[in-house]
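Please look over the chain shown below with some care.

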Amino acid sequence: MFTDAVRALKLLSGAIQSVEIQHAEMARRAGKDFLTVTELADTLVRRAGMSFREAHALVGQVVRACGRDDDPSTISAALLALRPSLRLAPEEIERALDPDHFVRIRDIVGGPAPVRAAKALEQALSQQREIEQWIEAKTTLLDDAQARLRQP
């Protein structure tokens, strides 16, 4: 059972080492398919004083009104058409839809903001080193025990 798991992990490791990340394409796709509209709803809560429920319902109406057109300017225009009384500039609405802003504003424990992600990675690497040291120590103990068992 462990043999199969170890082989699978080695295969995964080899695959990951040869991965080529297409940063520009990933950045382009991050702003598509209404992926950042939750931040628009959050912005409506923070800036327009809406309740969470009302903001999310309004954003749902906006997405339906836009159909497949996920361009930030279209979303902004649809929002302002549905709720002309909003005191948000189109630029502020479009900023809420920006993927980079979407990530950076989530600067909370467990959030994806670069500073938080770096801290989480640092902690994970530290834990990995501790686990590797533990495994090495236990492997040495097991090897020593096995050698003692083989002694006459």
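## Aspartate 70 and its surroundings

The side chain of aspartate 70 reaches the backbone nitrogen of aspartate 33 at 2.5 Å, a polar contact in the sense of a pair of N or O atoms within 3.5 Å, where within protein one must be able to donate a hydrogen and the other to accept it, and where residues adjacent in sequence count only if both atoms are side-chain atoms. This is a predicted model, in which local features need pLDDT of at least 70 and side-chain atom pairs count only at pLDDT 80 or more, while totals for chains, interfaces and linings use all residues. Residues are numbered from 1 along each chain as its sequence is written, and side-chain values use heavy atoms, with hydrogens and water left out.

Aspartate 70 lies in the loop between H4 and H5, and it is buried because its relative accessible area is 12%, where buried means under 20%, exposed over 50% and partly exposed in between (1.4 Å probe, protein chains only). Leaving aside neighbours within four places in sequence, aspartate 70 is in contact (heavy atoms within 4.5 Å) with Gly31, Lys32, Asp33, Phe34 and Ile75.

## The nonpolar core

The largest nonpolar core has 19 residues, and those with the most contacts inside it are Leu40, Leu44, Ile75 and Leu79; such a core is a set of buried Ala, Val, Leu, Ile, Met, Phe, Trp, Tyr and Cys residues joined through side-chain atoms within 4.5 Å. Two or more residues of this core come from each of helix H3 (37-48), helix H4 (52-66), helix H5 (72-82) and helix H6 (90-96), and H4 gives the most, with five residues. Helices here are DSSP runs (H or I, at least four residues), numbered from the N terminus.

## Salt bridges

A salt bridge is counted where a side-chain nitrogen of Lys or Arg lies within 4 Å of a carboxyl oxygen of Asp or Glu, and by this rule the count comes to eleven. Within helix H1, aspartate 4 and arginine 7 are three residues apart, about one turn of the helix, and their side chains meet in a salt bridge at 2.5 Å, N to O. Aspartate 4 counts as partly exposed at 46% relative accessibility, whereas arginine 7 is exposed, with a relative accessible area of 51%.

Glutamate 92 forms a salt bridge with arginine 47, the closest N and O atoms being 2.3 Å apart. This pair links distant parts of the chain, with glutamate 92 in helix H6 and arginine 47 in helix H3, 45 residues apart. Elsewhere, Glu39, Asp42, Arg46 and Arg106 are linked in a network of salt bridges.

## A nonpolar surface patch

Leu9, Leu12, Ile16, Val19, Ile21 and Met26 make a nonpolar surface patch of about 620 Å², with areas taken from the Shrake-Rupley method with a 1.4 Å probe, and, for residues, only the protein chains shown counting as cover. Patches are made of residues with over 30% relative accessible area and no salt bridge, with like charges joined within 9 Å and nonpolar side chains (Val, Leu, Ile, Met, Phe, Trp, Tyr) within 5 Å. The largest share of the nonpolar patch, three residues, comes from helix H1 (residues 2-17). Isoleucine 21 lies in the loop between H1 and helix H2 (23-30), and counts as exposed at 52% relative accessibility.
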